[in-house]
Amino acid sequence: MIPNYLIWSVVSRPAYVYLPHLYTENSTEIVYWVSTATGERLEKMSFVIMALCFKILPVFILIIFSILLILNIHHVRQLRERLHHRYVYVSSTSSSKRELRITRMLVFITLFTAFVEFPQGLFFIASGIDKNFFFLYAHLGDIWDITSISSSFITFIMYCLMSQQFRVEIYALILPKCWTKNSI
């Protein structure tokens, strides 16, 4: 958030400057407004940098790593099937079902995160280009927060469903030590 602290500042102005339809020039009301302290050019660059670094680039990295992981799982499955055809006594049905379930969950997590984060990044870039988008983005702020929290919650649940090791670690973190020794 350092770029935000460098670019924005809170200024006090007479209310009629920002809200002329509500206040006259004779009004003594003061409003506090967030204003750019460094100029519009740096403000626009900040929006684009924050959008790329914190929203769009992480989504692309997540998608790339997810695709690579899914391709790796698929490759391992093919190797296992070839091994199964060579040696009849090797069973692969339970692990194949688990891999398929993990792949589906991973695709779901990736898509859900991308659908939540990518539009926010696009709105950030649009806000840097045109300030009217920032006001629209500000009005959608609560919706963005709810979708981000929902995405994190669903991702956490999916990880708990996918990995026994993850569940064991969560138990160890949350439950008292006396309970974890007996249950795990």
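The largest cavity is lined by E43, K44, F47, S127, G128, I129, D130 and K131. On a 1 Å grid over the protein atoms alone, a cavity is a set of points where a 1.4 Å probe fits but cannot get out, and lining residues have an atom within 4 Å of a point. The structure is a predicted model, in which local features need pLDDT of at least 70 and side-chain atom pairs count only at pLDDT 80 or more, while totals for chains, interfaces and linings use all residues. Residues are numbered from 1 along each chain as its sequence is written, and side-chain values use heavy atoms, with hydrogens and water left out.

The largest cavity holds about 30 Å³ of space. Its volume is the space filled by probe spheres set on the grid points, which are joined across faces, edges and corners. The count is 1 cavity of 30 Å³ or more. Helices α3 and α4 are the elements that give two or more residues to the lining of the largest cavity. Helices (H or I, at least four residues) and strands (E, at least two) are DSSP runs, numbered from the N terminus. By class, the cavity lining has 4 charged, 2 polar and 2 nonpolar residues. Here Ala, Val, Leu, Ile, Met, Phe, Trp, Tyr, Cys and Pro count as nonpolar; Asp, Glu, Lys and Arg count as charged; the others, Gly among them, count as polar. Rolling a probe the size of a water molecule over the atoms shows where empty space is left.

The largest pocket has a volume of about 380 Å³. A pocket is an open set of grid points with protein on both sides within 12 Å along at least five of seven lines. The largest pocket is lined by 17 residues, and W8, V34, E43, F47 and F134 are the closest to its centre. Five elements are listed as each supplying at least two residues of the pocket lining: α1 (2–7), β2 (30–36), α3, α4 and α5 (131–139). The pocket lining divides into 10 nonpolar, 5 polar and 2 charged residues.

The protein chain has 8 helices and 2 strands. Along the sequence, the pattern is α-β-α-β-α-α-α-α-α-α. The chain has 184 residues, of which 25% are buried. Buried means under 20% relative accessible area, exposed means over 50%, and partly exposed lies in between (1.4 Å probe, protein chains only). The chain exposes about 13500 Å², with carbon and sulfur atoms supplying 67% of this area. Accessible areas come from the Shrake-Rupley method with a 1.4 Å probe; for residues, only the protein chains shown count as cover. Contact means heavy atoms within 4.5 Å. Among contacts between residues at least 6 apart in sequence, 60% join residues at least 24 apart.

The largest nonpolar core consists of 7 residues: F47, M50, A51, F123, F124, Y137 and W144. Elements giving two or more residues to this core are α3 (40–86) and α4 (93–129). Helix α3 gives the most, with 3 residues. Such a core is a set of buried Ala, Val, Leu, Ile, Met, Phe, Trp, Tyr and Cys residues joined through side-chain atoms within 4.5 Å. Beyond its neighbours within four places in sequence, F124 is in contact with F47, M50, A51, K55 and Y137.

Two further positions lie in helix α3. One of them, S66, counts as buried because its relative accessibility is 6%. Setting aside neighbours within four places in sequence, S66 is in contact with L106 and T110. The other, L69, is partly exposed because its relative accessible area is 41%. L69 and L106 are 37 residues apart along the chain, and their C-alpha atoms are separated by 9.1 Å.

A15 is found in helix α2 (residues 15–18). A relative accessible area of 1% makes A15 buried. Not counting residues up to four places away in sequence, A15 touches P20, Y23, E29, I30 and V31. A15 and S27 are 12 residues apart in sequence and 7.3 Å apart in space, C-alpha to C-alpha.

T36 belongs to strand β2. At 23% relative accessibility, T36 is partly exposed. Leaving aside neighbours within four places in sequence, T36 contacts I7, W8 and E43. T36 and I7 are 29 residues apart in sequence, with a C-alpha to C-alpha distance of 5.6 Å.
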